[in-house]
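Dear colleague,

Please find the structure below, together with its sequence.

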Amino acid sequence: MKKAATRALPGPAWDELDDVVIGARPDAEILIVMNEPVPFDDYPALRLVANFSVGYDRIDVDECRARGIALTNTPGVLDAAVADLTMALVLAVRRRVAEGDRTIRTGGWALPALGREVTGATLAIVGMGRIGAAVARRASGFDMRVIGVRSREGDLGTALREADVVSLHTPLSEATRGLISRERLALLQDGATLVNTARGAVVDEDALVDELESGRISAGLDVFVHEPHVPERLIGLPNVVLTPHIASATVETRAAMTRVVIDNVLAFERGEPLLTPVV
């Protein structure tokens with residue numbers, strides 16, 4: 001089958017594919033993307049979209065379904081990497097690690113304020129799927145009290161009020177867009193920390209920046225609403241640690257994600273059931 005990809009993928013599994021064009025290929029039957037909008041009209045022969053990502057919020061699932069195009073993603077293999085970065089952001093923000101690094105690099109030594117404990121703190125995990133559960137396991141090593149909030153279960157307002165740290169792990173959908181609104185951010189106690197390794201639009205970004213500018217809360221952010229654009233007001237704030245959407249960006253995890261993509265493509269070519277179908 002004729003295949004196109006928006007980019008070459010990392011890891012040895014990529015070499016198992018033949019007849020792949022990097023870039024536009026109007027006759028492609030299989031298109032490999034990284035959670036990107038698919039120009040369906042440009043691919044009239046398209047039969048499979050293989051997505052190199054767990055999230056597929058930028059792909060029109062309804063259009064795939066209407067056109068009879070299969071869609072796959074890469075769940076399960078990046079849980080550990082995302083959970084690890086989540087804990088790294090919790091530690092970096094609460095213990096002022098990035099601020100300490102900047103202070104030394106500019107010739108200073110003392111920080112203007114003390115950090116806050118991670119051990120024994122209350123952690124609210126919004127989205128208790130595979131990644132949320134992996135974060136909870138890591139948090140147990142810090143003797144954190146974990147409050148889990150599932151998409152249709154748990155009291156989000158109560159969790160936000162009680163938490164020292166809030167970590168977001170819910171997929172982006174119309175139901176979760178703006179879930180952490182201005183009103184819900186106001187429920188956070190003074191000194192609380194918000195960590196987002198899910199999707200930027202799960203949070204009202206303008207409201208979050210306002211709260212961070214006030215100095216009332218802190219944050220660790222790996223995702224933003226209009227990536228790669230990051231709100232300019234965030235750049236100089238000492239109470240936020242910023243990373244460029246790198247939660248799954250390890251050699252091991254990206255290779256594993258490629259393996260899932262390729263296995264789905266090969267199964268499709270053989271007429272076998274897809275490993276991780278979305279549609």
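In what follows, Lys and Arg count as positive and Asp and Glu as negative, while His and the chain ends are not counted. The place of a charge is taken as NZ of Lys, CZ of Arg, CG of Asp or CD of Glu. On that basis, the protein carries 30 positive and 39 negative side chains, and the centres of the two sets are 3 Å apart.

This is a predicted model, in which local features need pLDDT of at least 70, side-chain atom pairs count only at pLDDT 80 or more, and totals for chains, interfaces and linings use all residues. Residues are numbered from 1 along each chain as its sequence is written, and side-chain values use heavy atoms, with hydrogens and water left out.

The protein has nine helices and 11 strands (DSSP runs numbered from the N terminus: helices are H or I, at least four residues; strands are E, at least two). Its C-alpha atoms fill a box of roughly 60 × 45 × 35 Å along the principal axes. Of the 279 residues, 49% are buried, meaning under 20% relative accessible area with a 1.4 Å probe, protein chains only.

Helix H2 covers residues 79–94. H2 is mostly covered, with 12 of its 16 residues buried; among them are Leu85, Met87 and Arg94. Arg96, which follows H2, has a positive phi near 60 degrees.

Yours sincerely

Conventions. Buried means under 20% relative accessible area, exposed over 50%, partly exposed in between (1.4 Å probe, protein chains only). The expected span of a helix is 1.5 Å times one less than its number of residues.
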